[in-house]
Structures are given as C-alpha cells and as structure tokens.
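Here is a short walk through one protein chain. Keep the sequence and the 3D view side by side as you read.

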Amino acid sequence: MSQPVDNLHDAILLGIQLDWGTGLATVTLRTWDAGKVDILVRDCTSVVLPRQGPWGRSSSVSSVSFVNNDSTKGLTIAMQSGDTLEIHGHTADPTSAKPG
C-alpha cells in the first residue's frame, strides 16, 4: 500500500543523509509553503538513489509516497528528472514530515 503525501509536488530535494550507525535516514526538502521539511526513515535497510536524469536534470520532486506493506515500509520519491528514489526501513511515517 502506498500513501502519497500532499503538498510536496515541486519541493526541492536538498539532501539525503544516512547515519550508518543508527540506521536513521533523513530526507530534507524545501517546500514553498512550509519551508524546510525533514522526513525520517528509521532502521534503514535499503537505499536506492539513481541520478540518471532520463528527463533531464532536476532537483524538484514530482511526488512522495509512503510504503507500508507487511514486508516493507519506506518512502518513494519520484523526481521531475524521471528518477525514482527508494528508502526502506523499519518505520517510515508520514507524520515525521515536519518543518526542520
């Protein structure tokens, strides 16, 4: 099951940080209405970050969805470059999307 997050279309991806020791992944976005937003994925198990840009270079987000299946939880970010970023972990919750 995938749950899209409202108001992140056209947000700018500022960075993704992974604390290897704790497994905490922090996705930092800048939105036009809320400013800087951090989304947390705890106990990260997998990170896929292609930067191939099949539609051209872009730091803008097309959509963000939270995945919450029995076997996996995580975050999928569709970029306006055509790349799809995936971060999986033990917990990923849309409520962690908060101003940084």
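This is a predicted model: local features need pLDDT of at least 70, side-chain atom pairs count only at pLDDT 80 or more; totals for chains, interfaces and linings use all residues.

Asp43 sits in strand β4, which covers residues 35–48. Its backbone deserves a look. Phi of Asp43 is near 50°, a positive value in a residue other than glycine. Most residues other than glycine have a negative phi. Leu24 is 19 residues away along the chain, but the two C-alpha atoms are 5.8 Å apart in space.

Asp10 belongs to the loop between β1 (2–4) and β2. Its relative accessibility is 33%, so Asp10 counts as partly exposed.

Now step back to the fold. How many helices and strands does the protein chain have? The count is 0 helices and 8 strands. Read along the sequence, the pattern is β-β-β-β-β-β-β-β. The protein chain has 100 residues, and 36% of them are buried.

Gly15 has 24% relative accessibility, so it counts as partly exposed. Look across from Gly15 to Leu29. They are 14 residues apart along the chain, and 7.2 Å separates their C-alpha atoms. Gln17 is also placed in strand β2. Is Gln17 buried or exposed? Gln17 counts as exposed, because its relative accessibility is 57% and the cut-off for exposed is over 50%. The sequence gap is 23 residues, and the C-alpha atoms lie 9.8 Å apart.

Next comes the loop between β2 (12–19) and β3 (24–31), where Trp20 is found. Trp20 has a relative accessible area of 75%, so it is exposed.

For a contrast, turn to His88. This residue is placed in strand β7, which covers residues 84–92. His88 counts as buried, because its relative accessibility is 15% and buried means under 20%. Val48 is 40 residues away from His88 in sequence. In space, the C-alpha atoms of His88 and Val48 are 8.8 Å apart.

Finish with the empty space. Rolling a probe the size of a water molecule over the atoms shows where such space is left. What volume does the largest pocket have? Its volume is about 280 Å³. The largest pocket is lined by 14 residues, and the closest to its centre are Pro50, Arg51, Ser58, Met79 and Asp83.

Note on methods:
Residues are numbered from 1 along each chain as its sequence is written. Side-chain values use heavy atoms; hydrogens and water are left out. Helices (H or I, at least four residues) and strands (E, at least two) are DSSP runs, numbered from the N terminus. Buried means under 20% relative accessible area, exposed over 50%, partly exposed in between (1.4 Å probe, protein chains only). On a 1 Å grid over the protein atoms alone, a cavity is a set of points where a 1.4 Å probe fits but cannot get out, and a pocket is an open set with protein on both sides within 12 Å along at least five of seven lines; lining residues have an atom within 4 Å of a point. Grid points are joined across faces, edges and corners, and a volume is the space filled by probe spheres set on the points.
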